[in-house]
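Have a look at this one with me, and keep the viewer open while you read.

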Amino acid sequence: MIKFLDLKKITESHGAEIGEAVSRVIRSGWYLQGEENRRFEQNFASFIGTGHAVGCANGLDALVLIFRALIETGRLHPGDEVLVPANTYIASILALTETGLRPVLVEPDPRSLQIDPGQIEKAMTPQTRALLTVHLYGRCSYTSRMAEIVERSGLLLVEDNAQAHGCRYGDRRTGSLGIAAAHSFYPGKNLGALGDGGAVTTSDKELADTVRALANYGSAEKYVFRYRGRNSRLDEIQAAVLDVKLRHLDEDNEKRRHIARIYFEEICNPEVEIPGKELYFGENPEIPAAVDSVFHVFPVLTGRRNDLRRHLDSNGIQTLVHYPIPPHKQECYSEWNGMSLPVTESIHDRELSLPISPVMTDEEARTVARAVNGNW
Ligand SMILES: *Cc1c(COP(=O)(O)O)cnc(C)c1O
């Protein structure tokens, strides 16, 4: 049986250090807003390459806190338009509607599956103030073209880095490329806690202070409430666990890249497309710098998804679909249900995610590739 993601094995791979960290917090008698958070925030900020990191309860909160802070500091106003990829996890869009901003759904590039810079320019109106880019599947969505558009039009760039901890753009990391970035430490993410967790990274001190206050009931000073805030905390046990896992993140991501390389080399079924294959590892001579990915997900596309899924399942191989229904076809956004976004819809109709993780073996990856190449 090849699991989609073996969380038990992932935790066990750093088990002794995690166990020690958890016992330390239990023994300390201090469970919120303490030394473990301070240490992890410092280490995470320095890993990402920003001046500040602020822990919070989860990735959705991290996004909401960023947009609320941009509004509280006068940089965005309710009703402003924010560009966001149409093919993202629902949380990216929920954060915008929850804070009174207007999401404008932008089609992805069918090769990279990331927001298409050419479509960004077409979607802009005089009300457009920000771009929420999502490094979907762990792949860097930031490009020199995007940088140039953001610069020229004065858009605020916010990153949803929930799936891409450790991913690089040149010598920088995703999460340090815009005004602020949201991170999720949901257990299945590349940097996953043993429960919920999240963080905001930014080099803007005013924004960091505002996010911290908003996450603490709107208070920077005890019993003095400047904003109508919320309670969104990263607990000390999770911070201690994350600090251990952060030390191993680059090596764990390298193991994911190794599994991805086996898939790239060995999957050769004409019915299966590996989107963006030529963009990774600098295989395309027209693209001088290879685009980095930390392979949170390994997506393949096929017109016969159900057949492939059933075939893999009968070979003991678990798969998932990221995601079966795009945001604009969801009941919670019924006002968009009539919209046509053909690239996004075609990805959602054909995507299948193969198992990938730092604890998978080469033999397991070869077994998956052989099964994909078989008859189904
Ligand atoms: C997981 C995820 C989130 C939300 O994170 P939670 O910690 O589950 O709230 C947001 N955006 C993307 C792209 C995600 O994958």
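H11 passes H13 in a right-handed crossing (right-handed if the near helix is turned clockwise from the far one by less than a right angle, left-handed if anticlockwise). The helices in question are residues 305-314 for H11 and 362-373 for H13, and their axes come within 10 Å and cross at roughly 135 degrees. That makes H11 oblique to H13; angles under 35 degrees count as roughly parallel, over 145 as roughly antiparallel, 65 to 115 as roughly perpendicular, and the rest as oblique. On the H11 side the contact uses Leu308, His311 and Leu312, and on the H13 side Val368, Ala371 and Val372, where contact means heavy atoms within 4.5 Å. Sorted by class, that gives five nonpolar residues, one polar and no charged. Here Ala, Val, Leu, Ile, Met, Phe, Trp, Tyr, Cys and Pro count as nonpolar, Asp, Glu, Lys and Arg as charged, and the others, Gly among them, as polar.

Some bookkeeping before we move on. This is a predicted model, in which local features need pLDDT of at least 70 and side-chain atom pairs count only at pLDDT 80 or more, while totals for chains, interfaces and linings use all residues. Residues are numbered from 1 along each chain as its sequence is written, and side-chain values use heavy atoms, with hydrogens and water left out. Helices (H or I, at least four residues) and strands (E, at least two) are DSSP runs, numbered from the N terminus. Axes are lines fitted to C-alpha atoms, for helices over the stretch in contact, and angles run from 0 to 180 degrees between N-to-C directions.

H13 has another partner. Helix H10 (residues 249-266) packs with H13 at an angle of about 30 degrees, the axes being 9 Å apart. H10 and H13 are therefore roughly parallel to each other, and H10 passes H13 in a right-handed crossing. His258, Ile259, Ile262, Tyr263 and Glu266 of H10 meet Asp362, Ala365, Arg366, Val368, Ala369 and Asn373 of H13. This contact has six nonpolar, two polar and three charged residues.

Now jump to helix H2 (residues 15-28) and helix H9 (residues 236-247), whose axes come within 9 Å and cross at roughly 155 degrees. That makes H2 roughly antiparallel to H9. The crossing is right-handed. Among the residues that meet are Ile18, Ala21 and Val22 in H2 and Ile237, Ala240 and Val244 in H9. The whole contact divides into nine nonpolar, no polar and five charged residues.

So what sits in the middle? In soluble globular proteins, nonpolar side chains tend to be buried together. The largest nonpolar core here has 39 residues, and Phe67, Leu70 and Leu132 have the most contacts inside it. A nonpolar core is a set of buried Ala, Val, Leu, Ile, Met, Phe, Trp, Tyr and Cys residues joined through side-chain atoms within 4.5 Å. Several elements each supply at least two residues of this core, including strand E1 (52-56), helix H4 (59-72), strand E4 (128-134) and helix H8 (205-215). The largest share, eight residues, comes from H4. Apart from this core lies another, of 26 residues, among them Ile262, Val272, Phe298 and Val321.

Leu70 is buried, with a relative accessible area of 0%; buried means under 20%, exposed over 50% and partly exposed in between (1.4 Å probe, protein chains only). Not counting residues up to four places away in sequence, Leu70 touches Arg75, Leu76, Leu156, Val158, Ile179 and Leu207. Leu70 and Leu207 are 137 residues apart in sequence, yet 7.1 Å apart in space, C-alpha to C-alpha. Leu132, beyond its neighbours within four places in sequence, has contacts including Leu63, Phe67, Val84 and Val158.

Finally, the backbone. A cis peptide bond joins His322 and Tyr323, with omega about 10 degrees, and Tyr323 is in the loop between H11 and helix H12 (342-350). Gln33, in the loop between H2 and helix H3 (35-48), has a phi near 50 degrees, a positive value in a residue other than glycine. At 45% relative accessibility, Gln33 counts as partly exposed. Tyr217 also has a positive phi, near 65 degrees, and is in the loop between H8 and H9. At 39% relative accessibility, Tyr217 counts as partly exposed.
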